[in-house]
Amino acid sequence: DTYIHEVASTVKTVMETMNQRIKDGKIKIEGLEDGVPHHQLCWQSKVGKNKWMTPSTEQVVTSIGKNKRYENVMVIPFVFTSDHIE
């Protein structure tokens, strides 16, 4: 199954492009003038009892909150953004 690789490659490319555009001044985001500080790929949309990819979005956001690793968190959905709008 190529799904994991395809999603990971997409995330990597988007984040690298965004980072470069911020550094070049083509995108302006307050607080990110030096580029994107960190990103982590996580998974959501688990259905049923079958094994799913980890870590889950819930696990990552909960961990960030408990450990106070970052002041702010942004969740960016890369897949299912139009397929599953309920």
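**Close-up views of a predicted model**

**View 1. Y70 and the nonpolar surface patch around Y70.** Y70 has a relative accessible area of 36% and is therefore classed as partly exposed. The model shown here and in the views below is predicted. Y70 sits in the segment that follows α2. Together with V61, V73 and V75, Y70 makes up a nonpolar patch on the surface. The accessible area of these four residues together is about 330 Å². One of them, V75, also belongs to the group of lining residues nearest the centre of the largest pocket.

**View 2. The largest pocket and its lining.** The space in the largest pocket amounts to about 920 Å³. Its lining consists of 33 residues. Nearest the centre lie H38, H39, M74, V75 and I76. By residue class, the lining comprises 24 nonpolar, seven polar and two charged residues. Two helices, α1 (residues 3-23) and α2 (residues 57-67), each supply at least two lining residues. The largest share comes from α1, with five residues.

**View 3. The salt bridge between E16 and K12.** The structure holds one salt bridge. The partners are E16 and K12, whose closest N and O atoms are 3.3 Å apart. E16 has a relative accessible area of 46%. That value falls between the limits of 20% and 50%, so E16 counts as partly exposed.

**View 4. H5 and R21, with the C-alpha distance between them.** H5 is a residue of helix α1. With a relative accessible area of 57%, H5 is exposed; the class requires a value over 50%. R21 is 16 residues away from H5 along the chain. The C-alpha atoms of H5 and R21 are separated by 24 Å.

**View 5. The whole protein, for reference to the close-ups.** The secondary structure consists of two helices and zero strands. The helices are α1 (3-23) and α2 (57-67). The C-alpha trace spans about 45 × 30 × 25 Å along its principal axes. The protein has 86 residues, and 16% of them count as buried, a class that requires a relative accessible area under 20%.

Definitions and conventions
Residues numbered from 1 in each chain as written. Predicted model: local features only at pLDDT ≥ 70, side-chain atom pairs only at ≥ 80, totals over all residues. Heavy atoms only, no water. 1 Å grid on protein atoms, 1.4 Å probe; cavity = no way out; pocket = protein on both sides within 12 Å on 5 of 7 lines; lining within 4 Å. Points joined across faces, edges and corners; volume = space filled by probe spheres on them. Helix = DSSP H or I, 4+ residues; strand = E, 2+ residues; numbered from the N terminus. Nonpolar A, V, L, I, M, F, W, Y, C, P; charged D, E, K, R; others polar. Patch = residues over 30% accessible without salt bridge, like charges linked within 9 Å, V, L, I, M, F, W, Y side chains within 5 Å. Areas by Shrake-Rupley, 256 points an atom, 1.4 Å probe, with all protein chains shown as cover. Salt bridge = Lys/Arg side-chain N within 4 Å of Asp/Glu carboxyl O. Buried < 20%, exposed > 50% of the residue type's maximum accessible area, 1.4 Å probe, protein only.
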